[in-house]
Amino acid sequence: MKDLSSLPKQKLGYLEAIVSIITNSLLAALKIWVGMLSRSVAMIADAWHTLSDSFTSLVVIIGFWVSGKPADKEHPFGHGRAELIASIIIGTLLAVVGFNFTVESIKKLIAFEKTSYSVQAIIVFAASVIIKELLAQFSFKLGKITGSTSLIADGWHHRSDGIASLLIVIGALLARYLWWIDGFLGIVVSVLILQAAYSIVKENSNNIMGEDLASGIKEEITQLVYTYSDKVSDAHHFHIHKYGDHSELTFHLRFDKATSVENAHDITCQIEKLLKEKYHYEVTIHVEPDTKEG
């Protein structure tokens with residue numbers, strides 16, 4: 001079997017999405033069937049939750065297709081941020097699912113609704129727990145190989161659906177003793193889903209807006225700069241801008257007033273080269289004179 005890490009990033013994204021779409025569509029059909037047999041609103045709702053995974057995987061395909069396009073005149077940094085946008089869409093869909101789950105769960109509790117589950121339903125949902133966790137691990141693995149946030153986001157979507165199915169199984173086993181268990185566990189599922197949605201949207205929104213460099217890396221770069229030249233008195237105003245696989249690092253350097261423009265230019269060029277080799281960033285440095293009195 002061919003090592004997955006040897007495949008191009010775009011193909012791995014397509015692979016994850018296609019496997020997800022096929023698996024989730026089949027699972028959703030089974031869940032709707034057993035949900036109708038049991039007349040369970042929770043099971044039918046979870047079936048649509050599973051089907052929504054297919055929609056988010058379609059978003060992943062679109063994201064990888066767009067982000068794989070080369071840079072052009074209108075997008076000189078490439079189309080890598082399409083993947084971040086795809087991840088935000090996935091997170092938003094997760095939030096919608098979580099909200100709807102909350103509403104349905106509260107309605108059940110208010111109505112004192114008790115649900116009876118068929119044996120077929122318990123078997124299907126128990127199998128769904130295992131299948132969805134396997135899908136999640138598959139997505140996480142490919143996300144780690146490719147460094148793709150949208151694949152990791154899709155993995156969390158799979159896991160949230162697996163947890164929802166697990167809680168429905170627990171509710172099915174305890175429903176005859178505790179009438180409120182289905183509604184209560186539905187709220188627990190909603191919290192898990194909303195938490196994952198918040199994390200996904202927050203992380204990818206920060207990447208799109210641009211953010212400060214992580215303090216550890218900032219310290220490493222600052223130390224490298226000071227070690228390279230004693231003419232630099234200060235390194236500051238660090239920003240990292242991510243465009244998928246392409247990252248732009250910008251920061252400012254203050255030079256001794258006695259340093260010539262030509263010398264400052266040569267030093268910054270060498271520092272840019274060193275940082276690109278070490279961190280694989282495209283680096284742009286703004287030069288400033290040190291205005292402090294000597």
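Colleague: What share of the protein's contacts with a separation of 6 or more comes from residues 24 or more positions apart?

Modeller: The share is 73%, where a contact means heavy atoms within 4.5 Å. This is a predicted model, in which local features need pLDDT of at least 70 and side-chain atom pairs count only at pLDDT 80 or more, while totals for chains, interfaces and linings use all residues. Residues are numbered from 1 along each chain as its sequence is written, and side-chain values use heavy atoms, with hydrogens and water left out.

Colleague: Why is Thr-268 called buried rather than exposed?

Modeller: Its relative accessibility is 5%. Buried means under 20% relative accessible area, exposed over 50%, and partly exposed in between (1.4 Å probe, protein chains only), so Thr-268 counts as buried. Thr-268 sits in helix H8, residues 261-279. Leaving aside residues up to four places away in sequence, Thr-268 touches Leu-253, Phe-255, Ile-285 and Val-287. Across the protein, 44% of the 294 residues are buried.

Colleague: And what makes Tyr-198 buried or exposed?

Modeller: Tyr-198 has a relative accessible area of 56%, so it is exposed. You will find Tyr-198 in helix H6.

Colleague: What makes Arg-159 and Glu-133 a salt bridge?

Modeller: Their side chains meet at 2.7 Å, N to O. Arg-159 is in helix H5 and Glu-133 in helix H4 (residues 119-146), so the bridge ties together parts 26 residues apart in sequence. Glu-133 counts as partly exposed because its relative accessibility is 28%.

Colleague: Which strands does the salt bridge of Arg-254 and Asp-234 link?

Modeller: At 2.6 Å, N to O, the side chains of Arg-254 and Asp-234 meet in a salt bridge. The pair links strand S2 (residues 246-255), which holds Arg-254, with strand S1 (residues 232-243), which holds Asp-234, 20 residues apart. Arg-254 is partly exposed at 25% relative accessible area, and Asp-234 is partly exposed at 22%.

Colleague: How many salt bridges are there in the whole structure?

Modeller: There are 7.

Colleague: Why is Trp-180 called partly exposed?

Modeller: Trp-180 has 34% relative accessibility, so it counts as partly exposed. Trp-180 is placed in the loop between helix H5 (149-174) and helix H6 (181-209).

Conventions. Helix = DSSP H or I, 4+ residues; strand = E, 2+ residues; numbered from the N terminus. Salt bridge = Lys/Arg side-chain N within 4 Å of Asp/Glu carboxyl O.
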